[in-house]
Amino acid sequence: MTDMLVLKNIHKTFNPGTINEKKALINLNLVMEEGDFLTVIGGNGAGKSTMLNAVAGVWPVDEGSITIAGTDVTGLPDYKRASLIGRVFQDPMTGTAASMQLEENLALASRRGKKRGLAWQISKEEREHYREELKTLDLGLEDRLTAKVGLLSGGQRQAVTLLMASLQKPKLLLLDEHTAALDPKTAKKVLDLTEKIVSRNNLTAMMVTHNMRDAIAYGNRLIMMYEGQIIFDIRGEEKKNLTVEELLRKFEDVSGEEFADEKSLLSK
Amino acid sequence: MGTIILQASGLNIGNLFGSFPAGIAQGIIWGIMALGLYITFRLLDFADLTVDGTFSTGGAVTVMLLLAGWNPWLAMLVAVGAGLISGCITGLLHTRLGIPAILSGILTQLSLYSINLAIMDMKANTAVSASKTTLAITSRSIPSAILTGVIIAAVLIAAMYWYFGTEQGSAIRATGSNPEMSKAQGIDINRMKVLGLALSNGLVALSGGIMAQFQGFADVGMGRGAIVIGLAAVIIGEVLGDALLAKKLNFAGRLAFVVIGGIVYYLVIVIVLWMKLNPNLLKLFTSIIVAVFLAVPYLRAESKASFKKAGRNAVRRQKEADHD
Ligand SMILES: Nc1ncnc2c1ncn2[C@@H]1O[C@H](COP(=O)(O)OP(=O)(O)OP(=O)(O)O)[C@@H](O)[C@H]1O
Ligand SMILES: [Mg+2]
């Protein structure tokens with residue numbers, strides 16, 4: 001088994017030296033193996049998005065190293081890491097270019113991390129390939145290849161973003177509350193699609209969610225974050241047998257915080 | 001009504017139609033300038049004020065090289081190069097030094113004023129005569145000027161249609177449409193911004209070079225307000241394109257309408273001048289046109305759904321409820 005992601009002693013402090021100083025990640029360590037589907041839970045401000053942003057390279061970390069599939073990416077900005085990473089964001093608007101056509105978006109994604117030269121942006125074969133891929137989403141999008149993505153619904157756009165993240169198989173798929181902006185029914189559809197895409201492409205994925213039931217139901221491993229650290233890490237059979245109540249108790253044990261307070265934050 | 005005004009001011013309709021061909025030729029040149037502006041304004045979503053300077057730079061470089069005996073096409077090619085560099089500088093000020101977009105453009109534009117004077121040996125105005133020099137385009141022969149202009153515009157539209165359909169061109173468009181998404185797809189958005197600004201200003205410099213030949217001189221102030229005129233062309237073109245062909249327009253079609261927008265804009269100017277408006281008031285007039293065209297879509301949306309309207313509706317319902 002290869003390690004797909006290694007986070008070693010990561011520190012990140014926002015606004016250091018000011019009254020707004022916030023230690024968002026404190027000596028964070030995490031190793032993900034190939035094929036791991038990791039769900040991440042934790043209260044607001046626990047550092048979940050900060051961890052994903054550190055991996056994606058939105059800004060440099062203060063200390064520590066980040067290795068993706070054997071490549072040390074600590075010193076690389078986001079666009080240079082993009083060949084290794086697929087991302088789906090919380091806001092459905094973020095993942096796609098609204099004023100461009102559906103097929104243009106897909107073409108942009110299938111060239112992730114490649115040199116963009118003066119060849120035509122989409123070939124005929126690619127277009128057929130996209131049509132096939134879109135069919136698997138089962139949203140009728142295969143007939144709307146030339147529609148502007150801005151015309152699609154939030155759920156459709158998240159599904160397209162997922163497809164875009166997997167067209168050029170990434171070493172790591174980062175999902176930050178990617179169903180939080182969707183209605184429950186659509187959220188479920190997108191989650192199932194996520195699982196389908198992850199297993200079909202045998203992807204290594206990290207998914208942040210506020211829904212404890214989803215965190216337990218999806219993936220093979222679960223971590224809980226609290227104040228910039230991972231306070232709980234469970235996998236395999238043990239994870240499958242978890243209950244929401246158990247998770248909340250664990251949280252109470254480790255953080256020493258009131259159960260009732262965090263319950264509302266965590267379980268939603 | 002129209003005839004009364006015409007008679008009252010003693011205007012001659014024959015003069016008006018007589019000046020249309022020259023107006024069309026100038027309109028095409030402004031339309032070419034607008035093609036350049038389209039890249040920053042519409043594709044990159046970057047309000048680039050460099051263009052006022054680059055238009056003059058294009059004129060200055062072209063005229064000086066013509067006076068040095070250069071072939072006009074080669075002279076314009078060098079002008080394009082000067083425009084590319086100017087655009088690069090604005091792009092680097094913005095992306096490498098973190099200077100806000102508008103200010104980056106203003107800084108380059110202002111410095112170009114000095115540079116343009118230097119190019120023209122510190123003279124504000126340099127003439128080039130069609131009788132002594134070979135020009136690519138001149139107002140002495142309007143029909144061939146129009147033909148040359150149309151050919152240049154057509155070639156540029158074809159080139160832009162091709163380029164912005166390539167992987168690189170679509171990366172520029174993606175950068176303008178959604179920078180966040182572009183980075184996630186591995187696009188170096190800073191590089192794309194610099195590239196787009198360079199290409200845009202290259203085209204603007206080219207149009208400046210064409211204009212200088214057409215009018216027979218380069219002037220350090222010839223680009224003043226170019227951005228507003230370019231915007232006028234882009235917006236008039238879009239409004240016309242939407243009205244006439246609605247959604248059926250592809251990218252090349254939209255670009256063609258930008259050039260048509262330039263022609264329409266300039267014909268309006270011709271009419272206004274013919275109505276004896278003081279030419280010094282032209283810039284005021286142009287700004288008003290652009291402000292109106294920019295405001296109309298906003299106001300139209302606003303009239304459908306605004307806080308004021310919502311407030312009025314609420315008050316009215318309340319009153320109705322009180323009556324019951
Ligand atoms: N760019 C930033 N600048 C300053 N502070 C930040 C920034 N990003 C995050 N923070 C702070 O770091 C802490 C961790 O934030 P983060 O977004 O990682 O939390 P989270 O676990 O994703 O929470 P949520 O569930 O609300 O999304 C918070 O206190 C937040 O205010
Ligand atoms: Mg978050």
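**A walk through chains A and B**

Asn202(A) comes out as partly exposed because its relative accessible area is 45%, which falls between the 20% limit for buried and the 50% limit for exposed. The model is a predicted one, and this residue makes a handy way into it. Asn202(A) sits in the loop that links H6 and E8 of chain A. Its backbone is worth a look too: phi is positive, at about 50 degrees, even though Asn202(A) is not a glycine.

Glu227(A) belongs to the loop between E9 and E10 of chain A.

Back at helix H6, which covers residues 184-200 of chain A, one finds Lys196(A). Lys196(A) has a relative accessibility of 43%, so it counts as partly exposed. Thr136(A) is 60 residues away from Lys196(A) along the chain, yet the C-alpha atoms of the two are separated by 9.8 Å.

Next come the sheets of chain A. One of them is an open sheet of six strands, and reading across it gives the order E6-E7-E8-E3-E9-E10, with mixed pairing. At its edges are strand E6 (85-88) and strand E10 (229-235), each of which pairs on one side only. Going from one strand to the next, the twist averages 20 degrees. Within this sheet, strand E3 (residues 37-42) and strand E9 (residues 221-226) of chain A run parallel and are paired over five bridges. One pair of facing residues here is Ile41(A) and Met224(A), the latter in E9(A).

Two helices of chain A pack on this six-stranded sheet. Helix H1 (residues 48-56) touches E3, E6, strand E7 (172-176), strand E8 (205-208) and E9, and its direction makes about 145 degrees with that of E7(A). Helix H9 (residues 244-255) touches E3, E9 and E10 of chain A, and its direction makes about 40 degrees with that of E9(A).

Chain A also has an open sheet of four strands, in the order E2-E1-E4-E5, and here the pairing is antiparallel. Strand E2 (22-33) and strand E5 (71-72) each have a single partner strand, so one side of each is left without a neighbour in the sheet. Strand E1 (residues 3-14) pairs with E2(A) in the antiparallel sense, over eight bridges. Leu5(A) stands opposite Met32(A) of E2(A), and Ile10(A) has Leu28(A), also in E2(A), as its bridge partner. H1(A) packs on this sheet as well, touching E1, E2 and strand E4 (63-68) of chain A, with its direction at about 65 degrees to that of E2(A). E1(A) is also joined to E4(A), by five bridges, and the two strands run antiparallel. His11(A) faces Glu63(A) of E4(A). As a general point, strands of a sheet pair through backbone hydrogen bonds, in either a parallel or an antiparallel way.

How many of the residues of helix H3 (residues 102-110) of chain A are buried? The count is nine of nine, so the helix is mostly covered when buried is taken as under 20% relative accessible area.

Of the 324 residues in chain B, 49% are buried. Counting contacts in chain B between residues at least 6 apart in sequence, 78% join residues at least 24 apart. The accessible surface of this chain comes to about 15300 Å², and carbon and sulfur atoms account for 67% of that. As for charge, chain B carries 23 positive and 14 negative side chains, with the centres of the two sets 6 Å apart.

Technical notes: Residues are numbered from 1 along each chain as its sequence is written. Chains are lettered from A and ligands numbered from 1 in the order in which they are written. This is a predicted model: local features need pLDDT of at least 70, side-chain atom pairs count only at pLDDT 80 or more; totals for chains, interfaces and linings use all residues. Side-chain values use heavy atoms; hydrogens and water are left out. Two strands pair if DSSP finds at least two bridges between them. Axes are lines fitted to C-alpha atoms, for helices over the stretch in contact, and angles run from 0 to 180 degrees between N-to-C directions. Contact means heavy atoms within 4.5 Å. Buried means under 20% relative accessible area, exposed over 50%, partly exposed in between (1.4 Å probe, protein chains only). Accessible areas come from the Shrake-Rupley method with a 1.4 Å probe; for residues, only the protein chains shown count as cover. Lys and Arg count as positive and Asp and Glu as negative; His and the chain ends are not counted. The place of a charge is taken as NZ of Lys, CZ of Arg, CG of Asp or CD of Glu.
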